[in-house]
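Please look over the model shown below.

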Amino acid sequence: MSDPSSSRADPPYRYGPALAEAIERKWQARWAAERTFRTPQPGEPDFDPNRPRYYVLDMFPYPSGAGLHVGHPEGYTATDILARYKRMKGFQVLHPMGWDAFGLPAEQYAIATGVHPAQTTRQSIDTFRRQLQRFGFSYDWDREIATIDPDYYRWTQWIFLQIYDAWFDPVRRRARRIAELVAEFERGERPVAINPDAAEYSDADKAVRHGPWSTLDEASRRRIVDSWRLAYVAEQTVNWCPALGTVLANDEVIDGHSERGGHPVHRRPLRQWHFRITAYAERLLEGLSLVDWPESTRQRQIDWIGRSEGADIDFPLVEAPAGWHRLRVFTTRPDTLFGATFMVVAPEHPLVDAVLRDPGSETDVERVRAYVQAARDRGDVERQASRAKTGVPLGVLARNPATGERIPVWTADYVLASYGHGAIMAVPSGDERDYQFAREHGLRIVRVVVPVGAREDEVQGCYAGEGICVNSRGPGLSIDGLATNEARRAVVGWLEREGLGRGRVTYRLRDWAFSRQRYWGEPFPIVWDAQGRHHPVSERALPVRLPPLVDFAPEPSDEPRPLLARARDWVQTTAGEAGVDGLPPETPVWRETNTMPGSAGSSWYWIRFCDPRNATRFVGEAAEAYWLGERGVDLYVGGSEHAVGHLLYARFWNKVLKDLGLLRAEEPFARLFHQGLITSYAYERTDGSLVASDEVDEVAEDRFVERATGQPVRRIVAKMSKSLKNVVNPDEVIAAWGADCFRLYEMYMGPLEASKPWNTRDMAGMARFLGRFWRLAVDECTGALRLASEANERVERALHRTIAKVEADIEKLSFHTAIAAMIELVHVATDAGGMSRDQLDRFARILAPFAPHVCEEVWERLGHERSIAFATWPTHDPALLREADVEIPVQVGGRVRARLRVAVDTSRQRLEQLALEEPRVREALGGRPVARVVVVPGKLVNVVPASGAPELDEDR
């Protein structure tokens with residue numbers, strides 16, 4: 001991977017890999033020693049409060065042992081160019097870097113090797129830091145943070161406690177402190193009741209109205225308050241694999257077995273911490289109008305939140321277990337109520353357990369029990385994907401409130417407990433899944449909606465669209481003939497008048513499950529007492545540190561057991577030792593043994609970067625006001641794979657902290673940009689399977705065979721992957737070409753947002769550009785400056801155009817076109833015999849954000865003592881942005897015969913005269929008369945001979 005243009009006979013100061021490395025190492029060492037990119041804080045002597053700020057942030061990486069590949073630095077290079085440019089434009093720039101270092105990969109490695117995850121993670125961080133510094137990125141390394149540092153996760157735990165101590169006021173539409181909720185209960189200003197939006201409580205619990213607050217016992221008060229907390233505990237059904245000793249995601253379960261190893265997986269209830277993010281669903285939607293984000297990302301957030309308008313409807317139960325009088329469903333199509341011919345509940349629905357405890361005469365208990373057990377062991381994804389619509393009747397009857405008819409209640413696994421109320425009114429004529437279920441089980445189908453203009457007998461099968469209501473007339477309500485939109489309003493109004501339901505907005509978004517059964521994560525600042533009540537750890541006892549653990553292998557168990565539970569001496573403690581207020585110090589307590597997910601530390605890190613060494617506050621008020629203020633981060637750059645999860649969680653944390661008066665910005669990231677994917681060559685067999693690149697030989701140009709079989713394979717472009725052996729190590733590329741060349745190449749590959757294939761051979765183009773720039777400034781034999789004695793006017797005009805172009809392109813993140821403009825400037829200057837000192841001075845400044853090392857070297861040779869990072873961005877004169885003269889091709893009979901260099905404002909008449917006087921034009925005419933002359937000012941002159949030679953359309 002060496003530069004083919006280099007040789008032993010090269011002059012001593014020729015710019016090539018060896019000189020590039022020497023220059024780059026020199027300046028990287030100096031930047032580190034002089035802390036060139038340290039960003040002053042408000043209140044520090046070198047902080048200027050009158051300068052504007054610019055906060056440019058990368059999505060910080062998870063440091064793996066493999067280190068960076070060439071795809072990683074793409075976004076980092078882009079933000080570095082912008083950061084360097086903004087400094088030169090007079091901004092105080094915050095450009096930090098840190099590490100998202102908790103997570104499952106390090107723990108899995110520890111299980112496999114016995115090496116503690118803290119050790120492997122620190123080693124990975126060291127590798128990543130070294131690689132990033134070798135690129136010359138202008139990060140303020142004084143602000144470096146890692147989520148695994150106790151000084152950092154102390155504040156992650158502190159923020160958890162702020163959310164734990166908060167509730168969402170639906171009237172004021174913001175979070176408030178729990179003490180304010182209790183005060184409202186005490187003053188009788190708020191009905192004493194379970195939070196009606198608490199997903200962890202049943203409808204029956206929410207319907208209870210309690211007496212005055214003063215009459216309630218402590219347990220009742222705690223239960224009510226906990227139902228309002230933004231951080232709460234609830235049981236969640238999870239996929240538990242006893243053999244692997246871990247909870248699996250839905251997509252890791254196939255036919256009831258683990259994808260890894262094929263072990264049996266069981267659905268088990270597990271106590272989990274959750275965040276009530278659903279309370280913020282509307283705010284999260286509204287906030288998207290305040291930010292400059294890619295439209296595709298905004299839409300993915302909108303789709304994930306999934307706002308739906310509909311109605312809650314109560315179906316009276318006619319034959320049901322004791323205590324069950326109604327079954328509540330949510331539907332987005334209340335206009336189809338007359339078509340509900342049966343009901344279906346999820347296997348996890350509490351009615352199912354009630355039926356098994358108190359079966360009716362029509363209940364086949366063994367059949368229900370067997371079906372429910374099998375369904376509960378299947379993951380949600382598998383259940384939704386299944387084509388077979390299986391189910392069993394519960395032996396329970398409900399009454400359709402619109403028709404008065406008795407309809408059966410079934411349980412089926414295509415209904416999920418997480419949707420609505422875990423129950424649906426089944427309208428087989430208007431829902432494809434209900435239609436298939438009704439067909440398979442012989443249930444009645446009633447057509448209730450037809451397309452506009454269609455007759456009922458013209459509609460076959462299931463029709464789920466909008467239209468006109470038919471067969472929708474009952475004792476107290478008729479919507480026959482109404483359009484579906486109008487019918488929805490009519491049905492909701494009737495339900496509310498009759499006390500049978502209410503209009504409701506619901507969301508696809510579910511509360512955020514915030515627990516993991518892992519060791520390598522942030523401990524919760526929570527303990528439990530003997531009565532099973534949770535208590536927060538006081539702020540003075542933070543951080544709650546991870547205990548040392550030697551054995552990370554999971555214990556096979558039929559029930560979920562968090563790995564942290566093995567640290568028994570740490571788990572079992574007292575209220576005094578744990579730092580719990582409100583309990584006698586000697587009270588036995590047990591620490592929470594779940595840990596926070598990896599998303600905990602990444603949900604607020606941009607805030608800590610503003611003030612990373614503050615020991616008394618998660619961020620200082622002055623630092624937060626200056627660096628974040630009302631706007632938040634000015635530019636956030638990272639991969640589109642984080643378009644939903646990370647961004648949604650970060651926005652939630654930000655909004656809660658704002659509501660509690662701890663932040664000013666409503667949204668964390670004012671502008672968001674996703675860089676494209678850097679791909680690499682991979683190889684594909686005829687059957688579509690992929691072959692590792694080190695198992696392929698190139699037998700001829702663009703002809704490849706699999707070495708083991710000799711069979712031909714096709715070269716394709718694919719995502720870089722260890723398994724495909726097509727990952728390119730940036731260390732090797734920098735060693736062969738230099739960091740500046742690497743930076744330029746990645747930015748020149750194409751638009752930043754586009755996916756682009758990596759090809760190291762294309763690096764030579766940028767190497768030639770840097771070599772030409774160097775030769776404009778430095779004599780390759782002596783190392784002395786090589787300057788023109790006076791400024792060339794053409795170079796001066798080109799330089800002004802380039803300054804304007806590069807400035808505009810950087811602001812737009814169009815780095816490839818900015819580089820193209822600078823390449824053209826080098827051509828112009830080389831043809832003109834070089835640049836003057838002042839011209840080179842200005843050119844070095846606009847190239848410096850892209851190729852900082854070589855520009856620092858030239859800058860120093862120009863006599864500057866201070867780093868080019870502190871130089872001001874050069875200005876341009878708008879009057880010089882146009883060429884003074886222009887070269888005009890002259891065609892005769894459609895072929896170019898001559899070129900004229902004239903002033904740009906030369907008239908048509910003068911251009912025609914000059915063209916006809918040109919000797920080469922007269923020679924091409926050969927004495928023939930001229931039929932006409934077509935003149936396009938500033939572009940071309942076409943002389944058409946009378947002989948009928950081809951003419952050029954003047955509009956071309």
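What follows is a short report on selected features of this predicted model.

Strand S1 covers residues 53–58, and six of its six residues are buried, so the strand is largely enclosed by the rest of the structure. Arg-53, Tyr-55 and Leu-57 point one way. Tyr-54, Val-56 and Asp-58 point the other way. All of them are buried. In a regular strand, side chains alternate between the two faces of the sheet.

S1 pairs with strand S2 (residues 92–94) in the parallel sense, over three bridges. Within that pairing, Tyr-55 has Leu-94 of S2 as its bridge partner. The chain gets from S1 to S2 through helix H2 (residues 73–88), and this β-α-β crossover is right-handed. S1 is also joined to strand S26 (residues 635–637) by three bridges, and these two strands run parallel. There, Val-56 stands opposite Leu-635 of S26.

The model has 78 salt bridges. One of them joins the side chains of Lys-756 and Glu-74, at 2.8 Å from N to O. Lys-756 belongs to strand S33 (residues 756–757) and Glu-74 to helix H2, so the pair ties together parts that are 682 residues apart in sequence.

Are the two partners buried or exposed? Lys-756 has 4% relative accessibility and counts as buried, because the cut-off for that class is under 20%. Glu-74 is at 0% and counts as buried by the cut-off of under 20%.

## Other salt bridges

Arg-406 forms a salt bridge with Glu-319, with 3.6 Å between the closest N and O atoms. Arg-406 lies in strand S16 (residues 406–412) and Glu-319 in strand S12 (residues 307–319), so this pair ties together parts that are 87 residues apart in sequence. Arg-406 is partly exposed, at 49% relative accessible area. Glu-319 is partly exposed, at 36%.

Asp-581 forms a salt bridge with Arg-540, and here the closest N and O atoms are 2.9 Å apart. Both residues sit in loops. Asp-581 is between helix H17 (575–578) and strand S25 (588–591), while Arg-540 is between strand S23 (534–536) and helix H16 (568–571), so the pair ties together parts that are 41 residues apart in sequence. Arg-540 is exposed, with a relative accessible area of 61%. Elsewhere, salt bridges with shared partners join Arg-283, Arg-651, Lys-655, Lys-658, Asp-659, Glu-666 and Glu-667 into one network.

## Nonpolar cores

The largest nonpolar core has 183 residues. Which residues have the most contacts inside it? They are Phe-160, Tyr-605, Trp-606, Phe-618, Trp-758, Phe-843 and Phe-850. Helix H23 (residues 763–777) supplies the largest share of this core, ten residues.

Setting aside neighbours within four places in sequence, Trp-758 is in contact with residues including Val-70, Ile-678, Tyr-681, Phe-742, Tyr-745 and Met-763. Its contacts also include Thr-679 and Glu-746. Another core, of 53 residues, lies apart from the largest one. Among its members are Leu-351, Tyr-371, Leu-443 and Val-449.

## Arg-743, a buried arginine

Arg-743 is found in helix H22 (residues 739–748). Its relative accessible area is 0%, and Arg-743 is buried.

What is Arg-743 in contact with, leaving aside neighbours within four places in sequence? The residues are Thr-77, Asp-80, Ile-81, Arg-84, Phe-135, Gly-136, Phe-137, Pro-849, Phe-850 and Pro-852. Phe-850 is also among the residues with the most contacts inside the largest nonpolar core.

## The four-stranded open sheet

Four strands form an open sheet with mixed pairing, in the order S35-S34-S37-S36. Strand S35 (895–903) and strand S36 (930–936) stand at the edges, each with a single partner strand, so one side of each has no neighbour in the sheet. The twist averages 20° from one strand to the next.

Strand S34 (residues 885–892) and strand S37 (residues 940–945) run parallel and are joined by three bridges. Val-892 stands opposite Val-943 of S37. Helix H28 (residues 908–917) lies across S34, S35, S36 and S37. H28 runs at about 125° to S36.

Terms used
Residues numbered from 1 in each chain as written. Predicted model: local features only at pLDDT ≥ 70, side-chain atom pairs only at ≥ 80, totals over all residues. Heavy atoms only, no water. Buried < 20%, exposed > 50% of the residue type's maximum accessible area, 1.4 Å probe, protein only. Pairing = 2+ DSSP bridges. Right-handed = clockwise from strand over helix to strand, strands pointing away. Salt bridge = Lys/Arg side-chain N within 4 Å of Asp/Glu carboxyl O. Core = buried A, V, L, I, M, F, W, Y, C linked by side-chain atoms within 4.5 Å. Contact = heavy atoms within 4.5 Å. Axes fitted to C-alpha atoms, helices over the stretch in contact; angles between N-to-C directions.
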